[in-house]
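User: Got a new model open here. Can you walk me through it?

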Amino acid sequence: MGDMTNSDFYSKNQRNEANHAGEFGCTLQELRSLMELRGTEAVVKIKETYGETEGLCRHLKTSPTEGLAGTAADLEKRKLIFGKNFIPPKKPKTFLQLVWEALQDVTLIILEIAAIISLGLSFYQPPGEGNEGDLLPADGIFIQGNDLKIDESSLTGESDQVRKSVDKDPMLLSGTHVMEGSGRMLVTAVGVNSQTGIIFTLLGAGGEEEEKKDKKGREKESKMQDGNMENSQNKAKQQDGAAAMEMQPLKSAEGGEGDDKDKKKSNMHKKEKSVLQGKLTKLAVQIGKAGLVMSAITVIILVLYFAIDTFVVNKKQWLPECTPVYVQYFVKFFIIGVTVLVVAVPEGLPLAVTISLAYSVKKMMKDNNLVRHLDACETMGNATAICSDKTGTLTTNRMTVVQAYVGDVHYKEIPDPDSVPTKTLDLLVNAIAINSAYTTKILPPEKEGGLPRQVGNKTECGLLGFVLDLKQDYEPVRNLMPEEKLYKVYTFNSVRKSMSTVIKMPDGSFRMYSKGASEIVLKKCSRILNAAGEPRIFRPRDRDEMVKKVIEPMACDGLRTICVAFRDFNSSPEPDWDNENDILSDLTCICVVGIEDPVRPEVPEAIRKCQRAGITVRMVTGDNINTARAIAIKCGIIHPGEDFLCLEGKEFNRRIRNEKGEIEQERIDKIWPKLRVLARSSPTDKHTLVKGIIDSTQVEQRQVVAVTGDGTNDGPALKKADVGFAMGIAGTDVAKEASDIILTDDNFSSIVKAVMWGRNVYDSISKFLQFQLTVNIVAVIVAFTGACITQDSPLKAVQMLWVNLIMDTFASLALATEPPTEALLLRKPYGRNKPLISRTMMKNILGHAVYQLTLIFTLLFVGEKMFKIDSGRNAPLHSPPSEHYTIIFNTFVMMQLFNEINARKIHGERNVFDGIFRNPIFCTIVLGTFAIQIVIVQFGGKPFSCSPLQLDQWMWCVFIGLGELVWGQVIATIPTSRLKFLKEAGRLTEKEEVPEEELNEDVEEIDHAERELRRGQILWFRGLNRIQTQIRVVKAFRSSLYEGLEKPESRTSIHNFMTHPEFRIEDSQPHIPLIDDTDLEEDPALKKNSSPPSSLNKNNSAIDSGINLTTDTSKSATSSSPGSPIHSLETSL
């Protein structure tokens, strides 16, 4: 095997394709785009291009029966052209890269410490795969086989097995599992070109080859740019039916991508900072600068004061023998300066953030959230939107019978077995047990207390579950009538919409059990079992009444209705089993059941909490729109009477794309605020929606979007979202790899816990900041003024470092480990623009600083008189520690300790002790700090510059400290609204929110996403193209014809204008700029009109279409004179 890497493969590929296309008759790109198609589209494409699958085999020089010849030269050549079947894994970051990233923190740069803190993040390596069923290793086309069923859930997210056939759906995809049958396939794409490979590439698994591909593709792309647009439009016209067109990148129309690419390269690895990181970095820089200035001024003042006092006032000479003494003085001044700086710079901030996040992550494990990226935890607190899957997340992913109509009674829940006639019950159990695939069964739960496992067809599992709910058992019935004894089986298909099984009774007669869609099976019923279990006549009018009273109400509740029936046949003459129409008639209805995938019981409450917390929940599902809407109502995502949108993927795409098939942000902006349910959606739609919400500038706060996903197909959306939640049980490895948090119980209510923890992290940091900044302000001012007035800081360097230790490390531990409360969910998300330090916090910080400074300066200047001790001011250089300064130090620490309790509340609450005992770490740290302080004061001696204190002096220190709590109540009484002069701090401005590199990175992502994800279906936009051409012509003429003319009297549709042959312009397409409905809103010509244009697609209701063309019938075309074309020019859009 050639040792050729995939990255080389791309570069060689462009050269090779041209050389070898002739040799193999089809290029890699052709095969890749062929594999994008599904079902009949693919069959049509293969027939059109290659004749049949045999034709494709001939093109690829392979045999449908023997496969490849297998010569080494041939295999090497194929590897060169089509690539290896290998998806390169993403390289983990090296240790040094992580160290370097950790050192980028501003505070750490200022102090050059704590580099090891951020290296706690371990490397995550995805575990090896282990799956049931044969895994398909590559993409290909099914050429022959029998009864092949594939589980495509890992790629599509839909759990139903897909039947493959040569004439209906021959496409086989890598990463999917063969569940039944066997077959042969022709391999058409391997490695990074397979569908799984493409998704992995989108997630950045093949990072390097993407870069190389970009470099190589750059020149080629710039040449293709102009041709591309027309090509795609022509393609749309040429391919009539199943056309699929490569999505254009958003910027391709303007070109100019080439320049950005270079910038992008350099910024590829830069990740957008989380909201909290951004605000903290900014705040730390501001505090750091202020601290640096203060410490510099302190040193300068001390040096100048000493120099002037010594050499100018006292007129001393600088004698060589005195130099060591002077140097000692200068060193002392420098140490005081450094002390001020160390106290001023909040180097505890990164530590507090890390501790808070790490603590939260550990605790979140208990709430079923496995956090893979630390900052995702904090980002979740700011989430404004959640796009959730339906199946398995909001619902249990288990079909369950919830309503039944048995014996003339409509039960809204599972009936009591005693209330059902024995005969009916017996028939029902037999009908369900025998007339379903024997591979379908219900197994005991894997874990104690879990739900029983459903294996096989989901609907049949629901019916078997119904049997178990009726306290019956299906196993004995199946044992009595094993599969090989079944006389005849009419399997379920899309034409019959029912399944029937015939068995031979002991007396030689036959009985047939039938089940299927109620509207189909009921039409074939002529009898129904009554309350006594006896058959009675079932006439068409009875059926109509049943539809109205039973089936329609069930359907309105989002249930799938299934009818179970039976029929007895005589043994002679034996019926003609092939005459289906006769056999499947004259049935007797046993019961009708309503089946659904029920909503998880805890979900409605969880969604209500989200909505109360200001988070919009949207459902994005592959299911049909009626089921999706019914489930959304049950969950509480939508409420009757609200103004919301429920769209299908096709309609969503029609609304967000312009006539060229490009997605436009303005169009998405019209839809997403009201969109609540997106049904029948593809992975691309999910990615587009998430991207559209994130990029929207319509609301003043940038939206923070969380997404849930379980399939490989959800990978790109999970990656794009601010926080991606993957399912731990049902999720594929690709989904987990792309996610930030893994829900270990696949439950939506765990997401609410994540929101709570995220908000708690933010609040913990704010509490810590409130405490730390109070200490900073006081310590810096005391050190600065003390130094300037008494030439010595009242708080010595070692004492300052102890204070720093209390307020940084210990306080961050104490305040960052506060457990979250439900109250966090009663407020809206803070958002990016909300400052980190609110005005209430600023009031607390300054208020407590005033109290502390007043008392410390009182003690400093009159303390010796109050305590009748010696003054510690103006002490000589090496004098022993004084009681005076020890009292100041001790009082200072006591005030910080009690202020730490005040700092537990940041929104102006009065009860600062609320929930204090739920946080044992906090209590331990406060008591522990107090104990260490006693030791330092009493036994610290010279190293700590402390002199032991008497009991009464200790009591005074503690009393002044306790005053902090009383003062806190005083501050809480002052209304913040009155203090207009208070400024907030730590706000992220719009400019900083999205640095240039992030914008560039975004464009990079769009390109890949639009190019690589599934190509958009363009059937609908041939019509739009025509309308567009017509509008273009109108626009061109309007500008020249309206000048100097009066207002037109009549308005008619564009189509009337097009009937004037003299105004047809065939070749004008390239020269006239395209317009769409968004341009029209700004068009001055339209604004001058006598009547405003009718609804310019404001997307108010779900029935609005992309472009509304209305013909004004009040004045017909004939009423305007054909000689004056101006009358028929006016458009009504």
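User: How much of the protein chain counts as buried?
Analyst: This is a predicted model. Of its 1133 residues, 53% count as buried.

User: And the accessible surface, what does it come to?
Analyst: About 51800 Å² for the protein chain. Carbon and sulfur atoms hold 58% of that.

User: How many helices and strands?
Analyst: The protein chain has 40 helices and 26 strands.

User: What share of the contacts comes from residues 24 or more positions apart?
Analyst: Counting contacts with a separation of 6 or more, 76% are between residues 24 or more positions apart.

User: Let's go to the open sheet of 8 strands. What's the order?
Analyst: β7-β25-β24-β23-β8-β20-β22-β21, and the pairing is mixed.

User: Which strands stand at the edges?
Analyst: β7, residues 369–371, and β21, residues 645–648. Each has a single partner strand, so one side of each has no neighbour in the sheet.

User: How much are neighbouring strands turned against each other?
Analyst: By 20 degrees on average, ignoring direction.

User: What about β8 and β20, how many bridges join them?
Analyst: There are 4 bridges between β8 (residues 385–388) and β20 (residues 616–620). The two strands run parallel.

User: Which residue does Ser388 stand opposite?
Analyst: Met619, in β20.

User: Back to β21. Which helix lies across it?
Analyst: Helix α24, residues 649–656. The helix lies across β22 (675–679) as well. Its direction is at about 100 degrees to β21.

Definitions and conventions
Residues numbered from 1 in each chain as written. Predicted model: local features only at pLDDT ≥ 70, side-chain atom pairs only at ≥ 80, totals over all residues. Heavy atoms only, no water. Pairing = 2+ DSSP bridges. Axes fitted to C-alpha atoms, helices over the stretch in contact; angles between N-to-C directions. Contact = heavy atoms within 4.5 Å. Buried < 20%, exposed > 50% of the residue type's maximum accessible area, 1.4 Å probe, protein only. Areas by Shrake-Rupley, 256 points an atom, 1.4 Å probe, with all protein chains shown as cover.
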